[in-house]
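Student: Could you take me through the salt bridges in this protein, one part at a time? I would like to see where the partners sit and how open their surroundings are.

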Amino acid sequence: MESQMKPIIYWAGDSTVKQNDITSFPQSGIGQGFSLYIKKGIFIDNRAENGRSTKSFIEEGILDTISKDIKEGDFLFIQFGHNDEKPDAERHTEAFGSYQENLKTYIKTATDKGAYPVLITSLYRRLFQEDGKTLIEGTHENYPEAMIAVGKECQVPVIDLCTLSKALIEKNGPEISKRWFLHVPAGRYANFPDGKADNSHLTYEGCVVFSGLIAAELRKLGGVYAEILLPLNEEKENPALLID
């Protein structure tokens with residue numbers, strides 16, 4: 001019997017992170033793919049929910065449920081932005097205002113219990129410009145920059161998934177990247193009988209690819225952040241990607 005309990009990784013986020021089940025298959029969240037990169041015995045407790053922003057996640061009491069359970073040595077991965085930019089009063093936050101204040105609440109939730117908060121900027125939307133090579137700029141407005149600023153102020157690690165995913169999507173182009181997002185033909189899946197062309201949500205292959213970017217950045221951080229990961233060679237960090 002081990003003398004110390006293994007850490008739990010809690011996810012706070014939206015539908016791009018959520019743990020999906022058979023009722024939404026083949027849609028998958030990044031938290032699902034991330035489970036492939038961590039050591040055996042480390043548990044993921046994914047509290048992310050569809051459509052939530054930093055504001056609605058708090059106001060609905062979901063963050064409170066994490067606060068009750070999280071303990072010293074655990075991790076809180078925080079990924080919001082897609083819905084904070086929505087105009088409705090229930091979710092909208094100002095990037096350099098209430099969004100940043102909310103992020104600090106998440107950070108405090110973790111640090112008050114001796115856990116490690118990690119900020120993660122939003123996954124980039126797969127919206128190519130007419131040239132078919134580059135993505136439309138600014139689909140997340142200035143929320144990623146606001147999160148990065150909070151990380152610097154609070155001395156909390158920030159994984160800039162927004163920038164990393166944009167570069168990866170552009171590198172692989174519209175056809176390969178389509179496999180990563182929820183582009184499904186009509187008549188193939190019972191949950192999407194009419195098909196779907198969704199450039200925000202992921203297939204399982206996509207969630208593995210993009211969670212691999214997060215794993216690679218955690219490995220660079222070293223220390224406790226790297227210790228939760230499987231000991232992969234750098235060139236195998238993202239085996240779901242095509243070999244150049």
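Tutor: Happy to. The count for this predicted model comes to 14 salt bridges. Let us take a close look at a few of them.

Glu49 has a relative accessible area of 28%, so it counts as partly exposed.

The loop between E2 and H2 also holds Arg47, and its partner Asp69 lies in helix H3 (residues 62-69), so this pair ties together parts that are 22 residues apart in sequence. In the salt bridge between Arg47 and Asp69, the closest N and O atoms are 2.7 Å apart. The surroundings of the two partners are worth a look as well. Arg47 has 16% relative accessibility and therefore counts as buried, because the cut-off for buried is under 20%. Asp69, at 40%, counts as partly exposed. There is a further partner here too: Asp45 joins Arg47 and Asp69 in a network of salt bridges.

Now move along to Lys104 and Glu153, whose side chains meet in a salt bridge with an N to O distance of 3.0 Å. This pair again links distant parts of the chain, with Lys104 in helix H4 and Glu153 in helix H5 (residues 143-154), 49 residues apart. Lys104 has 24% relative accessibility and counts as partly exposed, whereas Glu153, at 54%, counts as exposed.

The charged end of Lys166 sits over the ring of Tyr124, 5.9 Å from the ring centre. Lys166 is among the buried residues of H6, as are Ser165 and Asn172. Asn172 is also where H6 bends, by about 100°, and Pro174 follows within four residues. With that in view, look at the ends of helix H6 (residues 161-178): for its 18 residues, the end C-alpha atoms are only 18 Å apart, short of the 26 Å that a straight helix would reach at 1.5 Å a residue.

How values were computed: Residues numbered from 1 in each chain as written. Predicted model: local features only at pLDDT ≥ 70, side-chain atom pairs only at ≥ 80, totals over all residues. Heavy atoms only, no water. Lys NZ or Arg CZ within 6 Å of the ring centre and 35° of its normal. Helix = DSSP H or I, 4+ residues; strand = E, 2+ residues; numbered from the N terminus. Expected span 1.5 Å × (residues − 1). Bend = angle between axes of the 7 residues up to and from the residue. Buried < 20%, exposed > 50% of the residue type's maximum accessible area, 1.4 Å probe, protein only. Salt bridge = Lys/Arg side-chain N within 4 Å of Asp/Glu carboxyl O.
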